[in-house]
Structures are given as structure tokens and as C-alpha cells.
Amino acid sequence: MAIFSVTNIFKKPRTKMSPDVPAAVWQDPLYFIAFGLGSGAMPFAPGTFGTLMAIPFYLLLQSLPLFVYLIFVLVFIAFSSWISDRISRDTHTHDHPGMCIDEFAGFFVTMIHAPHGAQWVILGFLLFRLFDIWKPWPIHVIDEKVHGGFGMVLDDIVAGVFAMVIIQLIALFL
């Protein structure tokens, strides 16, 4: 009889070990960018470290006018999709866990039109990580069914949209 717990319904079964971080991360600028400026090389929680690495960049961008920020996010999503596809083909690994440029994209989506302040950045970080790890519907379906570079980024974009909506609702009612 299988042991059931609330936590195991949200986790994908691990059937194999995570692939090694390619040495090219420290030699090739495209790999370095795809691996979240090296943050994805962390031996544990690379997505969390990738999201943490995105915060200083968000802080540099947060004062942009909303329209300019939205254009930046769209261009970044396109770039992230392209680089994710390219590096995945080079490494013959679909969605390497250390490739965390998609976490940058998802966090940037999370913070669209967010109020300024450390508490909002922390809330955005926590909400984005919650949805990115938990992967409620439709995020888990996207993660499993949409392939290629855009598929690797899309689940993080949707997690970011979920987090962004919650931030906007909280800001609206405060």
C-alpha cells in the first residue's frame, strides 16, 4: 500500500538524479545568463536562488514607467525562451533545474505594477516561489505539456501572473 501525504501530491516523483551543471556555465556567456548569472549552479534550490538573483535587477527596473516595464518584460520573456531553447538543445537536457532565467522572467511578471517597498518585494518573492514550486492547475499542465524554450518559461510566467494578481488584490484592499 502506498503511503499518502499531503506533501507528496504536489511533488513530482524523482526518477533520476538532477543533471550536473555544465562547465560551460563559467565559460560561455549564454550559459552563464541561462543559469541565472551562475545562481542556478547552486547544489540545492537553484530556482529559489535564481529568483533571489532577479531581485536586484527588478529594483533597478521598478522605477520605469509601467508601459516601458511591460515592454521590457515581454522582450525578456522572448529572450528567455530563446536562450532556454538554445541551451537545452546544446545540453540535450529539457529544462535543466539549474537553468533559472525563467525564474527571472516569472519574478519580473510577478512584480508588474507592484507597489514599491521591501515588503512587496518579499511578498512577491514568496508568492512566486509558492506558485512555481506548487504548480497548481494550469501551471503543472503547462510544465508537462508545453515543450521547447517557451514551454520552459511559460509555467513561470503563469506562476508570476498568479502571484501578481494576489499582490494587486492586496494592494487594492490596503
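Colleague: What is the handedness of the crossing of α4 and α7?

Modeller: In this predicted model, α4 and α7 cross in a right-handed manner.

Colleague: What makes α4 roughly parallel to α7?

Modeller: The two helices, of which α7 spans residues 148–173, pack at an angle of about 25°, and their axes are 7 Å apart. Angles under 35 degrees count as roughly parallel, and therefore α4 is given that description relative to α7.

Colleague: Which residues of α4 and α7 meet?

Modeller: From α4 come D102, E103, A105, G106, V109 and T110. Their partners in α7 are M152, V153, D156, I157, G160, V161, A163, M164 and I167. Sorted by class, the contact of α4 with α7 holds nine nonpolar, three polar and three charged residues.

Colleague: Why are α2 and α4 called oblique to each other?

Modeller: Helix α2 (residues 46–61) packs with helix α4 (residues 101–110) at an angle of about 50°, their axes being 8 Å apart. Roughly parallel requires an angle under 35 degrees, and roughly perpendicular begins at 65. The angle of about 50° lies between these cut-offs, so α2 and α4 are oblique. Their crossing is right-handed.

Colleague: Which residues make that contact between α2 and α4?

Modeller: On the α2 side they are G47, G50, T51, M53, A54, I55, F57, Y58 and L61, while α4 supplies E103, F104, F107 and F108. By class, the contact of α2 with α4 comprises nine nonpolar, three polar and one charged residues.

Colleague: How do you know whether R129 is buried or exposed?

Modeller: R129, which is placed in helix α5 (residues 118–134), has 10% relative accessibility. Buried means under 20%, so R129 counts as buried. Leaving aside residues up to four places away in sequence, R129 touches G47, T48, T51 and E103. Among these, G47, T51 and E103 also take part in the contact between α2 and α4.

Colleague: Why is L70 called partly exposed?

Modeller: The relative accessible area of L70 is 32%. Buried would need a value under 20% and exposed one over 50%; L70 therefore falls in between and is partly exposed. L70 belongs to helix α3 (residues 66–91).

Colleague: How far apart are the C-alpha atoms of L70 and V109?

Modeller: They are separated by 8.6 Å, although L70 and V109 are 39 residues apart along the chain. V109 is also one of the α4 residues that meet α7.

Technical notes
Residues numbered from 1 in each chain as written. Predicted model: local features only at pLDDT ≥ 70, side-chain atom pairs only at ≥ 80, totals over all residues. Heavy atoms only, no water. Axes fitted to C-alpha atoms, helices over the stretch in contact; angles between N-to-C directions. Helix = DSSP H or I, 4+ residues; strand = E, 2+ residues; numbered from the N terminus. Parallel < 35°, antiparallel > 145°, perpendicular 65-115°, else oblique. Left-handed = near helix turned anticlockwise from the far one by under 90°. Contact = heavy atoms within 4.5 Å. Nonpolar A, V, L, I, M, F, W, Y, C, P; charged D, E, K, R; others polar. Buried < 20%, exposed > 50% of the residue type's maximum accessible area, 1.4 Å probe, protein only.
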